[in-house]
Amino acid sequence: MAEEKSSGTDKELVGKVALVTGAGRGIGRAIAFVLAERGATVLVNYNGSRQQAMEVAEGIQAAGGTARAVGCDVSDFEACGHMVEEIMADYGHVDILVNNAGVTRDNLVARMSEEDYDRVLDINLKGAFHTIRHLARHFLKQRKGKIVNIASVSGVAGNAGQANYAASKAGLIGLTKSVAKELAGRNICVNAVAPGFIETEMTLGMPQKAREAAVASIPMGRMGSPRDVAELVAFLCAEKSDYITGQVICVDGGLV
């Protein structure tokens with residue numbers, strides 16, 4: 001499937017290397033394409049969707065960009081360390097980190113298993129800590145870098161049936177603000193983007209009534225597109241946002 005093209009010709013990220021986790025589909029896929037359009041070399045991280053990640057990388061290359069698929073389970077601390085070491089050996093630097101990898105295992109809290117709770121936090125929250133932890137010293141040495149964490153409006157306002165997911169995204173917001181304060185003195189910007197209802201495989205699979213109810217709750221009366229999120233991420237990765245850090249920006253059509 002071809003990615004929607006930007007009408008602009010801005011190549012503000014030329015020379016930058018960007019690692020995007022969970023970039024094989026949905027929002028992560030759109031972020032990978034938009035960063036590549038801006039000129040970045042994009043490392044398309046995946047865990048269980050190698051074929052999709054390869055397709056994203058090949059699609060970027062076909063459009064004239066530079067990308068490579070990189071496999072790693074971000075919930076594994078040591079595996080993240082090895083991934084970063086390999087990237088540094090091949091490219092010498094990483095300038096942008098987008099923590100997008102995430103899963104859902106929804107259920108009411110009274111019925112939620114400990115396994116489902118832990119797995120969501122291990123990937124959504126701990127995975128972001130792992131990548132930040134392993135890349136932080138490189139960013140500090142460079143005295144520059146951009147980190148964008150993909151949170152959710154569920155982490156801002158909560159959502160029934162998503163106690164684990166909301167907790168992971170609320171934790172990601174806290175992590176963002178804390179790391180932003182730690183790294184700001186070295187010109188490293190750390191921000192979070194909190195999408196609302198976005199047209200992805202996940203929302204397309206919603207029952208019709210649930211989908212209609214979701215749209216009815218959005219003041220703008222429609223769901224957003226992955227590109228809506230990706231454009232904001234690209235802005236936060238560019239030099240024009242160098243004085244923005246520790247922020248949480250909702251892309252939700254007014255939902256929250």
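This is a predicted model: local features need pLDDT of at least 70, side-chain atom pairs count only at pLDDT 80 or more; totals for chains, interfaces and linings use all residues.
A search of the whole structure identified one cavity of 30 Å³ or more. The space in the largest cavity amounts to about 40 Å³. Its lining is formed by Thr21, Val74, Asn99, Asn100, Ala101, Ile123, Asn124, Gly127 and Ala128. By class, the lining of the largest cavity comprises four nonpolar and five polar residues, with no charged residue. The greatest contribution to this lining comes from helix α4 (residues 114-142), which supplies four residues.

Helix α4 also packs against helix α6 (residues 163-183), the axes of the two coming within 8 Å and crossing at roughly 15°. Because angles under 35 degrees count as roughly parallel, α4 is roughly parallel to α6. The crossing of these two helices is right-handed. On the α4 side, the contact is made by Asp116, Tyr117, Val120, Leu121, Asn124, Leu125, Ala128, Phe129, Ile132 and Leu140. The α6 side contributes Ala163, Asn164, Tyr165, Ala167, Ser168, Lys169, Gly171, Leu172, Leu175, Val179 and Leu183. In terms of residue class, the contact of α4 with α6 contains 15 nonpolar, four polar and two charged residues.

Notes
Residues are numbered from 1 along each chain as its sequence is written. Side-chain values use heavy atoms; hydrogens and water are left out. On a 1 Å grid over the protein atoms alone, a cavity is a set of points where a 1.4 Å probe fits but cannot get out, and a pocket is an open set with protein on both sides within 12 Å along at least five of seven lines; lining residues have an atom within 4 Å of a point. Grid points are joined across faces, edges and corners, and a volume is the space filled by probe spheres set on the points. Ala, Val, Leu, Ile, Met, Phe, Trp, Tyr, Cys and Pro count as nonpolar, Asp, Glu, Lys and Arg as charged, and the others, Gly among them, as polar. Axes are lines fitted to C-alpha atoms, for helices over the stretch in contact, and angles run from 0 to 180 degrees between N-to-C directions. Angles under 35 degrees count as roughly parallel, over 145 as roughly antiparallel, 65 to 115 as roughly perpendicular and the rest as oblique. A crossing is left-handed if the near helix is turned anticlockwise from the far one by less than a right angle, and right-handed if clockwise. Contact means heavy atoms within 4.5 Å.
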